[in-house]
Amino acid sequence: MAEVYWIGLKEFFMKKNNIILQEIFYILSSSLVIFVLLELAWPGVVLSCINLNWILIFWLIIGMLVLLKNKENYD
Amino acid sequence: MDKKFIKKIRLVLWLSLFIIVGFLLYQAIMPNGVVKYTYDFSRPDIVNHFINKLTPKERLKIINNNIQAVIGEPVYFSLRTLRKFDKAKITLQYQNPNDLPFAEIGLLKDKIIWRYDLKPITNKTLNQLILAWSVVYGTNGEMLIQREKKYQTVNEFLKNLPSINEIAVYNYDFKSNYLLPKYSPTKQENKISQPLRGSYQFYTYIKNEKLDFKFSFSSLNQNKNKDSIKLNLYYQDKIIDSQKIDGNDDLIDNGKKIDQGELHFDIDNLSEGVYKIELVANDDIITEQIIFKQSKLSFINRLWLADGAKNIKIQTDSNLVSAQTVNPASLQTIKVGDNNLILAKTYQQFDIASHKKSASIELDKGDVILFGNGVFSFDQNSFFEPVARKVDNGLDINANGINYIIVKYQQPKEVDKWQVAEAEFDLTNAYREYSAHQLGYTNKMNFLISILGLNAEDDIDDKIIFGKITVELYGRSLLDRIKGIFYEKK
């Protein structure tokens with residue numbers, strides 16, 4: 001039963017992953033802008049809790065995946 | 001279907017972002033006004049945004065299990081906070097394998113004259129006296145240590161004070177109305193013509209006379225500073241008058257000495273007692289001469305005799321005299337009482353202990369900084385010590401005839417293999433560094449840890465090992481702030 005559910009979920013995300021990746025990319029871009037602005041206005045407020053380097057790396061990876069997924073459209 | 005799905009996923013992601021931003025703002029505002037930060041010295045790999053690493057590196061050594069040992073003093077660390085706090089309680093976990101006798105932790109209060117508010121970590125003299133002498137505890141955490149039990153309570157002692165020469169204090173705000181019974185004012189003009197460099201503080205005594213001090217200044221222009229000069233006059237620890245010379249806005253470091261002007265304190269109708277004058281200036285400023293009509297004048301703890309001073313004779317009651325120079329031409333042998341203090345290297349502090357109540361210091365040339373745990377005077381007749389001595393490692397209790405010690409001191413506790421000391425600081429007038437153009441209140445405060453006798457440049461393998469520093473900060477809660485806004489408006 002769990003296996004069927006897992007396969008269903010996997011298929012659903014295979015179909016939707018393009019949308020999910022795009023949305024994550026948008027939210028990460030917004031997060032970066034918001035965090036940088038917050039850090040400029042109130043130094044330490046973000047960097048004392050979050051290392052922005054990791055968000056930047058994650059944002060780059062997601063960005064590249066989005067580009068790869070949409071490669072056919074560009075071609 | 002796709003549109004509905006996109007809406008759902010957007011809602012989840014944006015909600016997560018708002019929660020994160022809310023959490024970050026909560027951490028910064030700390031609405032309850034209390035926060036606790038810990039720096040673990042055994043985990044130097046973990047970046048702590050609030051408590052910075054100990055510096056300078058040359059005075060630290062990494063020993064087993066990544067633990068940091070301090071091998072030279074002083075060492076510094078800074079504390080960054082995202083909002084203003086009023087009080088800090090610092091807990092220091094340490095090991096003292098070499099049984100070093102005296103350590104203090106201090107908060108920087110003034111960056112021009114590098115004034116620190118020092119609090120005890122450990123004081124071996126006090127630890128021993130608490131065991132050997134009679135101890136009476138006060139209601140506000142103070143302690144009276146007596147050679148022979150005469151006073152039953154601290155209040156009784158404070159109401160019937162013995163002679164100030166018999167009292168020593170430590171970390172206690174001791175107020176005494178010191179009066180010189182046989183003092184009579186002179187109209188004679190006195191002069192200190194040995195040039196002095198940088199800031200200093202001195203005591204003087206007034207009785208039925210004008211306070212009359214004339215200072216002449218020059219600037220060495222060695223550093224790009226504004227070269228402003230401020231003189232503060234204190235009576236019973238309160239500033240009663242101030243005078244200043246505003247520095248030039250053109251920051252010059254051409255090394256050409258220029259006249260910086262004069263300041264004159266001429267105040268009448270002052271009540272009898274001890275007054276303190278403080279010069280707040282950077283190290284470019286030279287006091288060329290001080291002309292005064294008072295007969296008592298004693299410099300407090302530190303005196304930088306400028307280049308050009310010759311054949312200097314100074315009287316001191318310091319039991320530990322230290323000297324340092326930055327000028328190779330000023331290396332010399334300094335006579336302290338019957339002993340010689342050899343100033344053999346630049347940028348290094350040399351100490352000598354004097355077990356006498358007072359001693360004379362003789363120097364051939366200037367550009368030497370003198371430090372001591374007492375006062376310095378250029379003239380035997382003008383020498384006086386109007387305050388109770390501080391119980392530090394240099395104080396010779398027997399030679400100075402100390403019979404009573406009033407302190408606010410907690411002996412370090414033993415927890416496992418560590419010793420734990422606590423110190424409380426009032427942060428309201430701490431020196432703070434702010435980031436430029438910020439909207440928040442992010443600020444940085446600086447602390448010092450001083451361990452007497454610990455020198456990184458000597459061949460002795462002595463150290464203090466630090467385990468953890470915990471800082472508990474207390475400030476106004478958000479509710480109090482909001483109430484404050486309305487109250488102030490009304």
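Colleague: How many cavities of 30 Å³ or more does the structure hold?

Modeller: This is a predicted model, in which local features need pLDDT of at least 70, side-chain atom pairs count only at pLDDT 80 or more, and totals for chains, interfaces and linings use all residues. Residues are numbered from 1 along each chain as its sequence is written, chains are lettered from A and ligands numbered from 1 in the order in which they are written, and side-chain values use heavy atoms, with hydrogens and water left out. Rolling a probe the size of a water molecule over the atoms shows where empty space is left. A cavity is a set of points, on a 1 Å grid over the protein atoms alone, where a 1.4 Å probe fits but cannot get out. The structure holds 3 cavities of 30 Å³ or more, a volume being the space filled by probe spheres set on the points, which are joined across faces, edges and corners.

Colleague: Which residues line the largest cavity?

Modeller: Lining residues have an atom within 4 Å of a point. Here they are Gln410(B), Gln411(B), Pro412(B), Lys413(B), Val420(B), Ala421(B) and Glu422(B). The volume of this largest cavity is about 40 Å³.

Colleague: Is Leu82(B) buried or exposed?

Modeller: Buried means under 20% relative accessible area, exposed over 50%, and partly exposed in between (1.4 Å probe, protein chains only). Leu82(B) counts as buried because its relative accessibility is 3%. With contact defined as heavy atoms within 4.5 Å, and residues up to four places away in sequence not counted, Leu82(B) touches residues including Trp42(A), Pro43(A) and Gln27(B). Gln27(B) and Leu82(B) lie 55 residues apart in sequence, with 8.4 Å between their C-alpha atoms.

Note on methods:
1 Å grid on protein atoms, 1.4 Å probe; cavity = no way out; pocket = protein on both sides within 12 Å on 5 of 7 lines; lining within 4 Å.
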